[in-house]
Amino acid sequence: MVNYRLKYPLLLFLLATAVSSLLWWWQPQVIFTAAAVFKSEQVGYTPLQLNPNQRLLVIAPHPDDEVLATGGLLAMAHAQGLPVKVIVVTMGDSFKLACEHSSGKIEPTAADFFRLGLQRWQESRQGLTRLGLKPDQQAVYLGFPDGGLRFLWEQSWQKPRLSGGVRTDKVPYPQARQPGLSYTGENLLQSLQAEIRAFQPTDIFYPTPADEHPDHWAVGTFTEIALQELQLPVRRHTYLVHHVAWPALWAAEPNREAEPPPRLVGPEFNWERLLLNDEAKTAKEQALSAHRSQLQVMGPYLKGFLRASEIFLAWSKYQLPFSMPDGELDHVRMRLKPGQDIKALAIQPTASGWTANLQLYGTPERSSSYRLYLWLYRNQHPLAHLLLERDTAKVLWATAAYDLATKKVPFHWQEKGLEWQIPSELLGQANRVLLAGMTGSNGKQIADKTGWYWVKLQ
């Protein structure tokens, strides 16, 4: 006798899983076709080579990013006997599709997400072992909230943030570096600084703040300010995992070199390339195979990182006047209204302060949100985190020494963009700023974003 109460929910779950898998297979074809429309340019790479004096630190947002972006690098560094350390910021426990698959439930519980985090922690350790590393000595897991790092950066600098999956506001894993540590931006920054200071790397590899995934660009920006405040003589290399048309082909191609997305090619971008030897390519493939929970739900995409090389964006700091283009339809959703699609971010000095422009591919919409973030610094010392929304300046965080003289900023709608006239008193004693622009359909949903860029003001 058939138990229909069990049969139909099970059939629905299997159907949903099948559809999800098909979407993962089908999406790259759409992206690859779209990428073919973009104009390609010849990439001039700076060779990345390892030497005996290097100490390499890799910072990964989730378990598996350390393999996708730097698996070959880690294998080659280990083979040459270089000191290596890996920091994994989250346990990757809030990925619902993976949790549905591992738990067999359409609506996983907090306990299911916790078990997924433990599974991904074990997979990461197994993967690092296959690269030749000793996880007990060379890997640190911080256990911060998967899917919530953007909010630690923007909103929860000192007030703890509740994790979406495990439903806690503090590190729940005994395997993490500091179990029980509250989920705040301040704690994440201090954790990164402590690890960087203790290891004293010569080279650090971390997500580019131009990555489209909120956890990735947040880890990139946290790393940026950690290094700004520490003032260590370290070479910075950033990597990309989530971006439209990246990787260009979702399949393992170990004899094909990695190529950057067309929208990140040009004189503004300095790409570095590490050519992998056969041993490193094999070790990377074996390490990736350890991440079974992820391969089951997005295997073709992950295998797209199995290439003959690994590429990195060299870190840059900019002067005034500053202008950085942003590609058309460069967000992973690829369904942007022209009035939300950012074309460029620019800032230049004026007689009374600075003018900031967010240029768009279409006419700005009054129903959309437009934001300009300004993280202010005096040398290595933080002053304030500001958010400009239209004509209002909000202080997200500030030192006692920072005094916001005005909350209104002259703001102008333009035919294809927006302009802020920032008075000098708003920036206080800042001589450098980490800035980014974002658009959205409402206060929370991001439609498009720029990267985060350091600009020297004085």
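The structure is a predicted model, in which local features require pLDDT of at least 70 and side-chain atom pairs count only at pLDDT 80 or more, whereas totals for chains, interfaces and linings use all residues. Residues are numbered from 1 along each chain as its sequence is written, and side-chain values use heavy atoms, with hydrogens and water left out. The protein chain holds 11 helices and 20 strands; helices (H or I, at least four residues) and strands (E, at least two) are DSSP runs numbered from the N terminus. Of its 458 residues, 56% are buried, where buried means under 20% relative accessible area, exposed means over 50%, and partly exposed lies in between (1.4 Å probe, protein chains only). Among contacts in the protein chain with a separation of 6 or more, 71% are between residues 24 or more positions apart; contact means heavy atoms within 4.5 Å.

**Nonpolar cores**

- In soluble globular proteins, nonpolar side chains tend to be buried together.
- A nonpolar core is here a set of buried Ala, Val, Leu, Ile, Met, Phe, Trp, Tyr and Cys residues joined through side-chain atoms within 4.5 Å.
- The largest nonpolar core has 100 residues, of which I59, L131, F144, W153, L188, I225 and W452 touch the most other members.
- A second, separate core contains 34 residues, including I342, A384, L386 and L426.
- Beyond its neighbours within four places in sequence, L131 contacts V67, G71, L74, A75, H78, A283, K284 and A287.

**Strand β6 and its partners**

- Strand β6 (residues 235-239) is largely enclosed by the rest of the structure, because four of its five residues are buried.
- Strand β5 (residues 203-207) pairs with β6 in the parallel sense over five bridges; two strands pair if DSSP finds at least two bridges between them.
- On the other pairing of β6, strand β8 (residues 309-314) runs in the antiparallel sense, with two bridges.
- T238 of β6 is the bridge partner of Y206, and L313 in β8 is the bridge partner of T238.
- A right-handed β-α-β unit is made by β5, helix α8 (residues 214-230) and β6; right-handed means that, with the strands pointing away from the viewer, the path from the first strand over the helix to the second runs clockwise.
- T223 is located in helix α8 and counts as buried at 0% relative accessibility.
- Not counting residues up to four places away in sequence, T223 touches I59, L192, I204 and Y206.

**Aromatic and charge-ring contacts**

- The structure holds 23 aromatic pairs, defined for rings of Phe, Tyr and Trp (its six-membered ring) with centres within 6.5 Å; planes under 30 degrees apart count as stacked, over 60 as edge-to-face and the rest as tilted.
- W153 and F222 form an edge-to-face pair, at 5.1 Å centre to centre and 75° between the planes.
- Because W153 lies in helix α6 (residues 149-154) and F222 in helix α8, this pair ties together parts that are 69 residues apart in sequence.
- W153 also forms an edge-to-face pair with W452, at 5.2 Å centre to centre and 90° between the planes.
- W452 lies in the loop between β19 (446-449) and β20 (453-456), so its pair with W153 ties together parts 299 residues apart in sequence.
- W153 is buried at 1% relative accessibility, and W452 is buried with a relative accessible area of 5%.
- Ring pairs link W153, W157, W217, F222, Y373, W375, W397 and W452 into a cluster.
- The charged end of R161 sits over the ring of F151, 4.1 Å from its centre; this requires NZ of Lys or CZ of Arg within 6 Å of the ring centre and within 35 degrees of the ring normal.

**Strand β18**

- T439 lies in strand β18 (residues 432-440) and is buried at 2% relative accessibility.
- The C-alpha atoms of T439 and D341 are separated by 7.6 Å, although the residues are 98 apart along the chain.

**Backbone features**

- The peptide bond between W246 and P247 is cis, with omega about -15°, and P247 is in the loop between β6 and β7 (271-275).
- A cis peptide bond also leads from L320 to P321, with omega near -10°; P321 lies in the loop between β9 (317-319) and β10 (322-325).
- R167, which is not a glycine, has a positive phi near 60° and is exposed, with a relative accessible area of 51%.
- Q200, also not a glycine, has a positive phi of about 55° and is partly exposed at 40% relative accessibility.
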